[in-house]
Amino acid sequence: MDSGLLVLRLVVGLLLAGHGVQKVSFRLGGRGLTGGTDEFRRDGFRGGRLTALAAGGSQIGGGLFLAAGLLTPLAGMAAMGVMTVASTVKWRRGLWVQDDGYEYPMVLVVVGAALALTGPGRFSADHVVGLDPWPVWSGVAAIVLGPAGGLLTRVALHRPAVLEGTSRHAQAVD
């Protein structure tokens, strides 16, 4: 079981961190911070660079902490939060990834939840420093707070649909 958790944490954590690196840099095929900012604006979010930095930072930090098995419930919560936001962006396209749907973000939310509940296993930083096993309430709290934080972020930062006839200046203000 510990070996399986290690493989899961490493693969998912490093992929999530890599996805965040793409949001804020030209590494790993990213379009730089300007590209990440443009992506969020196209998806209807305010905040520009700060939004891209927060999302990229959550993905990088949450992913690296998951990979290391360090503060696992918090790392899972970060992954669940940022990927919940991604799921809301892709929701209208349906489930499947070939239609740019929310399948992949949903899988990452579920993996973050599973790791928050099960813990990182014996081959982890949490285990080395004596934090493993985490109390069950910490995993449950992460499962509630991660997606709730993502949904609150969506509500706070997403622009309402622009009505026809609204000036371009009004759209560009935020």
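In which helix does Leu14 lie? Leu14 lies in helix α1, which covers residues 2-24. Helices here are DSSP runs of H or I with at least four residues, numbered from the N terminus.

This is a predicted model, in which local features need pLDDT of at least 70, side-chain atom pairs count only at pLDDT 80 or more, and totals for chains, interfaces and linings use all residues. Residues are numbered from 1 along each chain as its sequence is written, and side-chain values use heavy atoms, with hydrogens and water left out.

**Leu14 and its surroundings**

Leu14 counts as partly exposed, at 47% relative accessibility. Buried means under 20% relative accessible area, exposed means over 50%, and partly exposed lies in between (1.4 Å probe, protein chains only). Setting aside neighbours within four places in sequence, Leu14 is in contact with Arg9, Gly63, Leu64 and Ala67. Contact means heavy atoms within 4.5 Å. Leu14 and Gln59 are 45 residues apart in sequence. In space they are 9.5 Å apart, C-alpha to C-alpha.

Helix α4 has 19 residues. From its first C-alpha to its last it reaches 26 Å, close to the 27 Å expected at 1.5 Å a residue. That expected span is 1.5 Å times one less than the number of residues. Of the 19 residues of α4, 14 are buried, so the helix is largely enclosed by the rest of the structure.

Helix α3 covers residues 48-68. It packs with α4 at an angle of about 145 degrees, and the axes are 8 Å apart. Axes are lines fitted to C-alpha atoms, for helices over the stretch in contact, and angles run from 0 to 180 degrees between N-to-C directions. On the α3 side, the contact is made by Ala55, Ser58, Gln59, Gly62, Phe65 and Leu66. On the α4 side, Thr72, Ala75, Gly76, Ala78, Ala79, Val82 and Met83 take part. The residues of this contact divide into 8 nonpolar, 5 polar and no charged. Ala, Val, Leu, Ile, Met, Phe, Trp, Tyr, Cys and Pro count as nonpolar, Asp, Glu, Lys and Arg as charged, and the others, Gly among them, as polar.

Ser87 also belongs to α4, which covers residues 72-90. Ser87 is buried, with a relative accessible area of 12%. Beyond its neighbours within four places in sequence, Ser87 is in contact with Tyr102, Pro105 and Met106.

**Aromatic pairs**

The structure holds 2 aromatic pairs. Rings of Phe, Tyr and Trp (its six-membered ring) pair if their centres lie within 6.5 Å; planes under 30 degrees apart count as stacked, over 60 as edge-to-face and the rest as tilted.

| Pair | Centre to centre | Angle of planes | Type |
|---|---|---|---|
| Phe40 and Phe45 | 5.8 Å | 80 degrees | edge-to-face |
| Trp91 and Tyr102 | 4.5 Å | 25 degrees | stacked |

Phe40 is buried, at 10% relative accessible area. Phe45 is buried too, at 2%.

Trp91 and Tyr102 both lie in the loop between α4 and α5 (103-118), so their pair ties together parts that are 11 residues apart in sequence. Trp91 counts as exposed, at 55% relative accessibility. Tyr102 is buried, with a relative accessible area of 14%.

**Arg93**

Arg93 lies in the loop between α4 and α5. Is Arg93 buried or partly exposed? At 26% relative accessibility, Arg93 counts as partly exposed. Apart from neighbours within four places in sequence, Arg93 is in contact with Asp99, Asp100 and Gly101.

Notes: Helices (H or I, at least four residues) and strands (E, at least two) are DSSP runs, numbered from the N terminus.
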